[in-house]
Amino acid sequence: MEVGYFVSLALFTTIYALFSLGLNLQWGYTGLINFGHIAFMTIGAYTTIALTLPNFVKEMPQRLMEQYPVIESQAWLASILKGLGDILPEQVPIVIAVMIGAGLAALLGLAIGTSTLRLREDYLSIVTIGVSEVVRLVAVNEEWLTRGPRGVFNYPLPLAKLQPNLFIKGVMIASLVLVLGLALWRLWQWLLQQPQREGHAPLSPALFVGYVICLIGVAICWWLSFSLSLTIEMPSYLQELVLLMMRLAMAAPLAIVGVVLVYASCRQTVQQLRAQPFNTHLSLLTVTMGMGLVVMFFGALIMGLGFEIKLLGIHIIGSSEYTYKAGLLWLLILTVAVIFWQLERWVNSPWGRVLTSIREDEEVAKALGKDVFRYKLQSFMLGGAIAGIAGSFYAWQLTFINPDGFIPLLTFQAWIIIVAGGAGNNVGTLLGAGIFWAYNEVTRFILPNILPLDDARLGAFRVMVIGLMLIILMMWRPQGLLGKKEELTLGR
Amino acid sequence: MDDKRQQDPQVQPENLLLTAQGLSKAFGGIQAVNNAEIHVPEGQIVGLIGPNGAGKTTLFNLLCNFIAPDHGRIIFNGRPIERLQPHKIALQGMIRTFQVARVLSRLSVLENMLLAAPNQTGEKLHNTFFQAHIIRRQEKELKEKAHVILESVGLAAKAKDYAGALSGGQRKLLEMARGLMADPKLMLLDEPAAGVNPTLIQQICGHVERWNDNGITFLIIEHNMDVIMSLCDRVWVLAEGQNLAVGTPAEIQSNKEVLEAYLGQ
């Protein structure tokens, strides 16, 4: 497993997390059913790259006239377009382009919102599906605007030309460690309170430390075991199976050590373990795994930025080369951190309280003097703008985009992430994104070696399993992984 | 309308908090409210009664503009409000409750209360950037205020519970307490005693009287005549969307037309 692969995986996960955070604000907090979230991402992505690609916008009027020759017969229109071509800038700085992209996505939200937010909520869901398809079809057909199915490429990427020296690398790594530290601290705080929130005995840190030790043990064994190889000739799926077994065999002892440590760390822990319900253990395990994933991503990223560990002249991990994707991931993580922090502040402010009251019963909010329409619009536009920013990163990550990258499936993947993580919970959304992509990648690489199926069937099988997992999740924990169970039993 | 007001010397035009005249609303072919009027003097507790389907709740909805009236004029606190949006009417100081108590289930009781406070700094998105300290101070003050009110209605112990976990009677109390958080001049209570046990009805009546002493005017829809008799200064009777009678509770009780409307022709 290479660093580059982890960086790509982390990029996708984080982009999906950001994308879903926007939807979570709209649906999880405000109760607006948006089935066309991808439209915001499309607008954000295309706007950003169109504005940063040299001469792309400037030549737009020219291309428009080429695609629709009828325009040239209208002299005044043609002259206006020519004039427009002269005025338009060649290129816009990347930061401003992202902002304009987010702004246009928000404007789309405004347009959808003003026409439908006054209606009942089910209308909104129908309209959003329609709009997202319209946006995609415009991108397919209006070649002057988007180059259509041929797609756009060779657009400028942020930090692509950066040659970081030791100092810049240090700053990058330090900022990441800071974000990681803050994130882990928050998770830790949350975790300690979780059983209490569900009405059980409080959790001691020792229990958690035990879980972490287990996980680290498993992770290290897994990592080390990748150096294993088989010299005996056998079918590839059998070989993979044997390797899997060997890895598990290597990972098991440390896991056992972790468990023993948990029990041995203090007597109180043992009692606590018995006092905790099964659900607490599951959420603990989930969160520990989530934290493990986070640490892994950060580790990969730090290595990708050109950080390496050498011991006595032996190269242990990392590479000295800075990769563009690692830089992009660094930028993305900082962006997500800022947006996440701001979102948390917002939803926990009186403003967020009004949003949740609208989700619960907008008539009540109205009766208490809240301008429901305005708040809905703000939430919808803000969620759209966040998806727009996610779109910019999506385009940079792909380095080539065409309308096929913006199919409605992405909207529903965001829905899966939110439902799995727990609606109305930003941490849950991040966790949901992590789990979704972990599942995606694990099945992509392991399943083909275990199941003797061809690619098309495997693809279908993976989606089936997602559905199955969701059904199980909804039966076992209908509120989502981090949702609050008691909320489900409440009457109106 | 003028002759009615002249009948009652204690009602002077200048201390009318709410007047509505010629209110009409038709749903399709059904005339739910037909040229109805109502006057609520400041500081009083006014009752609104009528048989089921008389259009009382619709009248409430018209007053708050939850449903836009077809015709009519509504003046609240000296200003015409019939064209104002519902939330603006609420901000003017006219707070309503609902026939079936509506609480925000997945918010805590305390959050339900805090939500109601009008014109909070933190409700504006841009203020969350630079006014954080003001928001924090306001939240603290509001929490104290909410606790005082919750204490007075006996819900203080439930402050951290989900509002959806409250019983029916407690929801009624919460809804009224929440309305109080909004600093209303006039509270419209839609059947505050419906589906509530007699002890709690007594409590609710006590609260309403106490709040009325503190200067809040009430307009109450109620079927429970004991509540109307004990609380109200004046009673308006509505039948088939039209005004049937107005007077003191005692007058209304002996009014033949009213009895007929209730017992059937």
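Visitor: What makes both faces of strand 7 of chain B count as covered?
Guide: On one side B:Leu186, B:Leu188 and B:Asp190 are buried, and on the other so are B:Met187 and B:Leu189. A residue is called buried if 20 or more other C-beta atoms lie within 10 Å of its own, with C-beta atoms placed from the backbone. Strand 7 (residues 186-190) has five of its five residues buried, which is why it is described as mostly covered. Strands here are DSSP runs of E with at least two residues, helices are runs of H or I with at least four, and both are numbered from the N terminus. This is a predicted model, in which local features need pLDDT of at least 70 and side-chain atom pairs count only at pLDDT 80 or more, while totals for chains, interfaces and linings use all residues. Residues are numbered from 1 along each chain as its sequence is written, and chains are lettered from A and ligands numbered from 1 in the order in which they are written.

Visitor: How do you know that strand 7 of chain B pairs with strand 8 of chain B?
Guide: Two strands pair if DSSP finds at least two bridges between them. Strand 7 and strand 8 (residues 217-221) of chain B are joined by five bridges and run parallel, so they pair. B:Asp190, for instance, stands opposite B:Ile221. Strand 6 (residues 94-96) of chain B also runs parallel to strand 7 of chain B, with three bridges, and there B:Arg96 faces B:Leu188.

Visitor: Why are strand 6 and strand 10 of chain B called edges?
Guide: The open sheet of six strands has the order 6-7-8-3-9-10 in chain B, with mixed pairing. Strand 6 and strand 10 (242-247) each have a single partner strand, so one side of each is left without a neighbour in the sheet. The twist averages 20° from one strand to the next.

Visitor: Why is the unit of strand 7, helix 8 and strand 8 of chain B called right-handed?
Guide: With the strands pointing away from the viewer, a right-handed crossover takes a clockwise path from the first strand over the helix to the second. Strand 7, helix 8 (residues 198-213) and strand 8 of chain B make a right-handed β-α-β unit, so their path runs clockwise in that view.

Visitor: What makes strand 4 and strand 5 of chain B a pair?
Guide: Strand 4 (residues 71-76) and strand 5 of chain B share two bridges in the antiparallel sense, and B:Ile75 has B:Pro80 as its bridge partner. Strand 5 (79-80) is one of the edge strands of its sheet, pairing on one side only.

Terms used: A residue is buried if 20 or more other C-beta atoms lie within 10 Å of its own, exposed if 12 or fewer, and partly exposed in between; C-beta atoms are placed from the backbone. Axes are lines fitted to C-alpha atoms, for helices over the stretch in contact, and angles run from 0 to 180 degrees between N-to-C directions.
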